[in-house]
Amino acid sequence: MNSSKKPEAAFSRLTSIVDTLMSEGGCPWDLVQTRESLKPYLVEETYETLEALDGNQPEKIVDEMGDLLYQILFHSKISENRGEFNITDVIENLSEKMIRRHPHVFSKKSETDTPEKVLHQWDEIKKQEKGNQNQKSVLDNVPKALPGLARAQKLQKKAAKQGFDWDQVEDVIAKLDEEVEEFKEAFRDDDTPHMTEEMGDLLFVIVNLARYKKIDAEEALRGTSNKFIKRFQHIEQEVAKRGKTLKETSLEEMERYWQEAKKL
C-alpha cells in the first residue's frame with residue numbers, strides 16, 4: 001500500500017476534508033464536538049492503534065493510525081475555530097522541538113553516540129524548555145491519565161534517574177516477598193481497605209521489578225491478557241462442539257480444554 005502521492009499533497013487533501021466537515025453546512029455531528037466530548041475517542045483510537053501494532057497487520061495499522069491522526073486534526077481544527085492555534089502551529093512546534101532536542105544530529109553541538117546518552121541529553125534539554133522550568137518535582141510531568149501500570153513504571157524511572165533505586169534485583173525480590181506477606185495478613189483479617197492498600201503496594205513492587213529487568217509492565221500484562229483470550233476462546237469452541245454452554249460445563253472439563261490450549 002505504498003501511495004505514489006507526495007506526503008504534503010496527501011496531508012493537504014486530508015486537512016481540506018477536515019475543513020469541509022467543520023465548516024458551515026458540514027457534518028452536524030462534527031460541528032458540535034468539543035475537546036471534552038472527543039477525549040474518549042482519542043483514548044479509544046490510541047488503544048485500537050496499539051492493538052493493531054500487537055497484531056502486526058500492516059493494513060490494520062494503516063487504518064488505525066489514520067483514525068488516530070484524524071483525532072489530532074479534529075482537535076487542532078476546534079482550536080483554530082477558537083482562535084488559538086491550527087495544525088500548522090502543531091507541526092511547526094513539533095519540528096522545532098525535535099531539532100532542539102537532537103543537537104547531536106542537527107547542529108553537531110554534542111557527542112551523544114549511545115541511546116543512554118541521548119536519553120540523558122533529551123531530559124536535560126526538556127528541563128530547560130518553557131513550561132518545565134518551574135517544576136517543583138521531577139515527577140510533575142508524569143501524566144495522571146496514564147494507565148496504572150504505565151504510570152507507576154514512569155514514576156519509578158523518573159525517581160531512579162535521581163538515584164532513588166534498588167542496589168540489586170535481589171532487594172526488589174525481598175520487597176516483593178514482604179508485600180505478599182502483608183497482603184496475606186490483610187486477607188486473613190478480611191480488612192478490605194487494608195487489602196486494597198496492600199494490593200496497590202504489591203502491584204507497585206511488581207512494576208518496579210519489571211522496570212529493573214527492562215520489561216514493560218503494561219506490555220507484559222497486555223500480552224498475558226491476549227493469551228488468556230485465545231485460551232478461553234478455545235474452551236468456548238470445545239464446549240460448543242459438544243452442544244453445551246459454559247455454565248453447563250464443569251470446571252474440571254474447562255481446565256482440560258485450557259491445558260489443550262496451552263499445548264497448542
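## Buried and exposed

A residue is called buried when its relative accessible area is under 20%, exposed when that area is over 50%, and partly exposed in between, using a 1.4 Å probe and protein chains only. By that rule, 25% of the 264 residues of the chain count as buried. The accessible surface of the chain comes to about 19,100 Å², as given by the Shrake-Rupley method with a 1.4 Å probe. Carbon and sulfur atoms account for 56% of that surface.

## About the model

Welcome to a predicted model, in which local features need pLDDT of at least 70, side-chain atom pairs count only at pLDDT 80 or more, and totals for chains, interfaces and linings use all residues. Residues are numbered from 1 along each chain as its sequence is written, and side-chain values use heavy atoms, with hydrogens and water left out.

The term pLDDT stands for the predictor's confidence in each residue, on a scale from 0 to 100. The chain has a mean pLDDT of 92, with 98% of its residues at 70 or more. Confidence is highest in helix H4 (residues 58-81), at a mean of 97, and lowest in helix H7 (residues 115-128), at 84.

## Overall build

Helices here are DSSP runs of H or I with at least four residues, strands are runs of E with at least two, and both are numbered from the N terminus. The chain has 12 helices and zero strands.

Its C-alpha trace spans about 60 × 55 × 40 Å along the principal axes. The radius of gyration, taken over C-alpha atoms, is compared with a globule rule of 2.2 Å times the number of residues to the power 0.38. A compact globule of 264 residues would come out near 18 Å, whereas the chain has 25 Å.

Contact means heavy atoms within 4.5 Å. Among contacts between residues at least 6 apart in sequence, 52% join residues at least 24 apart.

## What the record lists

An unreviewed UniProt entry lists residues 33-106 and 170-234 for "domain: NTP pyrophosphohydrolase MazG-like". UniProt positions follow the numbering used here, feature names are shortened, and annotations may be inferred rather than shown by experiment.

In the model, residues 33-106 are 85% helix and 0% strand, with end C-alpha atoms 39 Å apart. Residues 170-234 are 89% helix and 0% strand, and their end C-alpha atoms lie 38 Å apart.

## A nonpolar core and a buried lysine

A nonpolar core is a set of buried Ala, Val, Leu, Ile, Met, Phe, Trp, Tyr and Cys residues joined through side-chain atoms within 4.5 Å. The largest one has seven residues: Val18, Met22, Leu38, Leu73, Phe74, Ile78 and Ile87. Helix H4 supplies the largest share of this core, three residues.

Leaving aside neighbours within four places in sequence, Val18 is in contact with Tyr70, Leu73 and Lys77. Lys77 lies in helix H4 and is buried, with a relative accessible area of 11%. Not counting residues up to four places away in sequence, Lys77 touches Val18, Asp19 and Met22.

## Two loops to look at

Most residues other than glycine have a negative phi. Asn56 is not a glycine, yet has a positive phi of about 55 degrees. Asn56 sits in the loop between helix H3 (35-55) and H4, and is exposed, with a relative accessible area of 60%.

Asp190, also not a glycine, has a positive phi of about 55 degrees. Asp190 is found in the loop between helix H9 (169-188) and helix H10 (192-212). At 61% relative accessibility, Asp190 counts as exposed.
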